[in-house]
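Subject: Structure for you to look through

Hello,

Please open the structure below and keep it on screen while you read the notes under it.

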Amino acid sequence: MKRLRWVAGAVVLAVLAGGGVAAATRDAPRPAGRYVTDDDGRALILHGFNTASSAKSTPDGLPELSEADVEREYRDMGTNFVRFLLQWRAVEPSPGTYDMKYLDKVAERIAWYRTRGYHVMLDMHQDLWGNGITPSKVAGNGAPQWATFMDGLPVAAGQPMWELYYLEPGVIRAFDNFWNTTGGHPDLMDRYARAWKAVADRFKDDPAVIGYDLMNEPWGGSVQGAAFETGPLAALYRKTIAEIRSVDPDSWIFLEPQAVGVNWGLPSALPYFDDPRGGPARIAFAPHLYPLPLDLGDDYTAGSREWTDRTLGWWRENILRTAERMKAPILLGEFGLDMTRPGAADLVERILDLTDENAMGRAYWSRDPGSWGPYDKGRAGPLVGVYARPYPRAVGGVPVRVVWDEKAVKLTITFDANETGPTEVYLPAATFPKGGEASLGTAAWDAGKRILTVTTKTSGRLDLVITPA
Ligand code: 9MR
């Protein structure tokens, strides 16, 4: 039964994706070679977590997280990035009023990351529009009640998967009113864009804040696919980019495609966006990856593993193609699964390899306690070992390829050196107990942070190989 279900799902996916997949195999795109950069212009390999799903339902919109949690995460896994969840309901509790106390509390949490050298991306999170749309116990979150207009349409309780609430008439109408495809609420998108301006104004000078993820997993309501992505979604992005740039010319802006379909490997139609900042654009593409067989409850084993691997291939090609059109670096903003299921650690490893090889940052969903997360009941689970992986967190040039060979205990970073600064490599204790040796340049080992800083030539293509000291 279960097998039938995913086979059916995969067939539907393959048929839907038909055109895109056929094109994909003819001219498989190459990694974009574009990177999110730090203040010195070094390429960043962003490696971290979504923090945290708990923010969706806390009354104050803050995740359940302490500074000790951040410290533990760094000690255990050496992450350098967090996709930090914000809630529009908390930013703008009533129309035009921005809650600066909430933003101060967000700033306090950002400081926990800043002192440990992290980059923070703020994510305006939503699922199923808002906390107001669903019967209680269902995880709708994000939009404030005042921006939720369901026009009396129902949302039936008891859906077997949370995503199915997206198909309920009340939820669809709430989105249609936001996108103003109903014609009844022309002000809502502007309000959203101005809420982002308030956030950007608050954080534009915070050196840890690398940028803004404008909307989590956009859903078009009754307008779907290319019509949605090039229509209302692009309109929202243009408005919001303009508002943010009116106060903050420097932070990166991360844009997500429609989630449904694209998360499974279908092509996105998201267009190129102009960045009015003056100077090179700082717009990045931030899709998610949730292979359909696993979404439907299967494991990364046997036949479903094969279909999942095909999905990863489609996803890679279609994402690279969209990023090329957008001329944008790529951040995989979410991937994740129940780590206690068979094959789960293998899939995470695969996705880490895929992102390394294709110049993408990544953020695992999510850093909440439980079977998906790194810790369960306070104890480290199987994810911690996989995620504590050697990686160059900043590169003094443009990376061409990063390859972690666990068997040989060898990390190879191929990059076109420029003059932006030294390369910093995180080396976990399990594989590099005494730190690392660099094949090129001069290296300094910080045993406390487990960072090897390598100063190399500043021009030409380099193969920097790191092996255990
Ligand atoms: O893991 C989350 C689950 O506990 C919630 O019920 C659900 C609805 O809020 O959201 C899940 O997280 C999703 C995230 O918000 C968006 N991308 C997919 C994530 C996993 O389903």
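The model is predicted, so local features need pLDDT of at least 70 and side-chain atom pairs count only at pLDDT 80 or more, while totals for chains, interfaces and linings use all residues. Residues are numbered from 1 along each chain as its sequence is written, and side-chain values use heavy atoms, with hydrogens and water left out.

Aromatic rings

Rings of Phe, Tyr and Trp (its six-membered ring) pair if their centres lie within 6.5 Å; planes under 30 degrees apart count as stacked, over 60 as edge-to-face and the rest as tilted. By this rule there are 24 aromatic pairs. One of them joins Phe-178 and Tyr-192: the ring centres are 5.5 Å apart and the planes stand at 70 degrees, so this pair is edge-to-face. Phe-178 belongs to helix α5 (residues 169-178) and Tyr-192 to helix α6 (residues 188-203), 14 residues apart. Helices (H or I, at least four residues) and strands (E, at least two) are DSSP runs, numbered from the N terminus. Phe-178 and Tyr-192 are both buried; buried means under 20% relative accessible area, exposed over 50%, and partly exposed in between (1.4 Å probe, protein chains only).

Tyr-364 and Tyr-387 also pair, with centres 6.1 Å apart and planes at 65 degrees, so they too are edge-to-face. Tyr-364 is in strand β9 (residues 360-364) and Tyr-387 is in helix α12 (residues 382-387), so this pair ties together parts 23 residues apart in sequence. Tyr-364 counts as buried because its relative accessibility is 0%, and Tyr-387 is buried with a relative accessible area of 0%.

Ring pairs also build a cluster, whose members include Trp-88, Trp-129, Phe-175, Phe-178 and Tyr-192.

Helix α5

How many of the 10 residues of α5 are buried? Seven of them are, and the helix is mostly covered. The buried residues are Gly-170, Val-171, Ala-174, Phe-175, Asp-176, Asn-177 and Phe-178. They pack against α3 (88-91), α6 and α8 (232-245), where contact means heavy atoms within 4.5 Å. Just after α5, Asn-180 has a positive phi of about 60 degrees.

A five-stranded sheet

Five strands form an open sheet in the order β1-β12-β15-β18-β17, with antiparallel pairing; two strands pair if DSSP finds at least two bridges between them. Its edge strands, β1 (43-44) and β17 (442-446), each pair on one side only. Strands β15 (residues 423-426) and β18 (residues 451-455) run antiparallel and are joined by four bridges. Thr-423 stands opposite Val-454 in β18.

Helix α2 (residues 67-77) lies across β12 (391-395), β15 and β18, at about 95 degrees to β15. For such angles, axes are lines fitted to C-alpha atoms, for helices over the stretch in contact, and the angles run from 0 to 180 degrees between N-to-C directions.

Salt bridges

The structure holds 31 salt bridges, each a side-chain nitrogen of Lys or Arg within 4 Å of a carboxyl oxygen of Asp or Glu. Arg-83 and Glu-256 form one, at 2.9 Å from N to O. Arg-83 lies in strand β3 (residues 81-87) and Glu-256 in the loop between β6 (252-255) and β7 (283-285), so the pair ties together parts 173 residues apart in sequence. Arg-83 counts as buried at 0% relative accessibility, and Glu-256 counts as buried at 1%.

Arg-389 forms a salt bridge with Glu-349 (3.8 Å, N to O). Glu-349 lies in helix α11 (residues 344-357) and Arg-389 in the loop between α12 and β12, so this pair ties together parts 40 residues apart in sequence. Arg-389 also forms a salt bridge with Asp-353, the closest N and O atoms being 2.7 Å apart. Asp-353 lies in α11 too, so here the parts tied together are 36 residues apart in sequence. Asp-353 counts as partly exposed at 27% relative accessibility. Salt bridges that share partners also join Arg-83, Asp-123, Asp-213, Glu-256 and Glu-334 into one network.

Regards
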